[in-house]
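Here are my notes on this model, as numbered points. Please read them alongside the coordinates.

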Amino acid sequence: MRIANHDNRAGLVIGNADAEQVIDIDTASGGRFGPRIDDLYPRWVEFTAWAAALETGHRTSRAVDRALLGAPSPSPRQVFAVGLNYHEHAAESGFASPDSLPPVFTKYVSSFSGPDTTVAIPDGGAVDWEVELVVVIGRTTTAVTEDRAWNHVAGLTVGQDISERITQTRGPAPQFGLGKSFPGFSPQGPWLVTPDELPDRDDLELGCAVDGAEMQKGRTRDLIFPVARLIAELSRNVTLYPGDVIFTGTPAGIGAGREPQRFLAPGEHLDSWITGIGELHQTFVSDTQGLSS
Ligand code: ZN
C-alpha cells in the first residue's frame with residue numbers, strides 16, 4: 001500500500017499514475033488512526049492490518065494534489081544518513097569502499113520537505129544532488145538480526161540528500177550535518193510505499209536528472225550495506241524508533257565527482273525518481289530571490 005502525508009493528514013493512496021486519489025485515514029477509520037501520518041508509525045502493524053482490510057470502493061476519496069504532499073515521516077525522532085554506500089560513488093568521492101559500517105551522519109529535520117518544492121541556493125554555495133532510497137522505520141528496533149530487519153521497515157520513499165559542498169568540506173573535519181541541512185535540502189516523497197508493493201525490495205532503480213539531462217542512475221542491489229544490513233548494524237549501536245528516517249546513500253554521478261565539477265544554478269530543475277515508488281521535483285532559485293521573506 002501507499003500512504004501519503006497529504007494536506008498534513010494521513011492518507012491512503014489509490015489509483016494509477018497521474019490519477020492518484022487519497023482516502024483520509026482518520027475519517028475512514030472513524031478516528032481510530034490518524035489524523036496525522038506520525039500517529040500511524042507507533043501503531044504500524046495494527047494500522048496496516050486495518051488498512052489491508054479496508055474496502056476502498058465504498059470510501060470517499062479526493063484527487064492527490066502534489067502541492068499538498070509533505071514528507072512521509074515529517075517529524076522523526078532520529079534521522080540517519082549514510083555516506084559512501086555504493087562502490088562507484090565512493091570511488092568518485094576519492095575514498096576506498098568501506099568494509100565496516102560506512103560513515104553515518106544526520107540531516108536535521110528542519111531541512112525536510114515534501115516532493116515538489118523550490119529550494120534556495122545559499123549565497124555562494126556549491127549545491128549538489130544525491131538521489132537516495134529512504135527507509136522509514138515501523139517499530140522500535142534494538143539489535144535486530146539482518147534476516148529479521150525488513151520486518152522493522154514501515155516503508156520506502158524517494159529522497160534527495162541535497163548537499164552544499166563548501167560547508168560540508170571546509171574546516172578541520174567534514175561538516176556533513178550542516179552542509180546537508182539548509183532549508184529544503186531533504187525533499188522526500190511522494191508517499192511511503194510498503195515493501196510488499198515492490199517486485200524486489202532489494203533491487204530498485206533510482207536516478208536523477210538536471211533540466212532533463214540524466215546525472216545519476218543506479219540500482220539498490222549495488223548498495224554495499226543493503227537496507228537489512230544497515231538496520232541490523234545501526235540497531236546494534238542505537239535504538240531505532242517508529243518513524244525514524246534512514247537516507248541509505250547515493251549512487252555515482254554527483255556533481256562534485258564530475259570533471260569539471262558541476263553544481264546547481266538558479267533556474268535549474270532537478271527530477272529524482274525510484275521505479276515503483278515515484279518522483280521528486282525541485283526548482284532552484286538564488287538566495288536573494290527571498291524564499292523566506
Ligand atoms: Zn547522501
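**Notes on the metal site and fold**

1. The zinc ion takes its protein donors from Glu-130 (OE), Glu-132 (OE) and Asp-161 (OD), at 1.9 to 2.1 Å. Donors here are N, O and S atoms within 2.8 Å of the metal (3.2 Å for Na, K and Ca); water is not among the atoms, so sites may look incomplete. Along the chain the donor spacing reads E-x1-E-x28-D.

2. A word on provenance. This is a predicted model, in which local features need pLDDT of at least 70 and side-chain atom pairs count only at pLDDT 80 or more, while totals for chains, interfaces and linings use all residues. Residues are numbered from 1 along each chain as its sequence is written, and side-chain values use heavy atoms, with hydrogens and water left out.

3. Buried means under 20% relative accessible area, exposed over 50%, partly exposed in between (1.4 Å probe, protein chains only).

4. Glu-132 belongs to one covered face of β11, together with Val-134 and Val-136. For β11 (residues 131–137), the count is 7 of 7 residues buried. Strands (E, at least two residues) and helices (H or I, at least four) are DSSP runs, numbered from the N terminus.

5. What does β11 pair with? It runs antiparallel to β12 (residues 153–160), with 7 bridges, and Val-135 sits opposite Leu-156 there. It also runs antiparallel to β17 (residues 245–247), with 3 bridges; Val-136 faces Val-245. Two strands pair if DSSP finds at least two bridges between them.

6. Elsewhere, an open sheet of 5 strands is ordered β9-β19-β18-β15-β16, with mixed pairing. Its edge strands, β9 (116–121) and β16 (213–219), each pair on one side only. Within this sheet, β18 (residues 269–274) and β19 (residues 278–286) are antiparallel and share 6 bridges. Asp-271 has His-281 in β19 as its bridge partner.

7. Overall, the chain has 6 helices and 19 strands. Of its 293 residues, 53% are buried.
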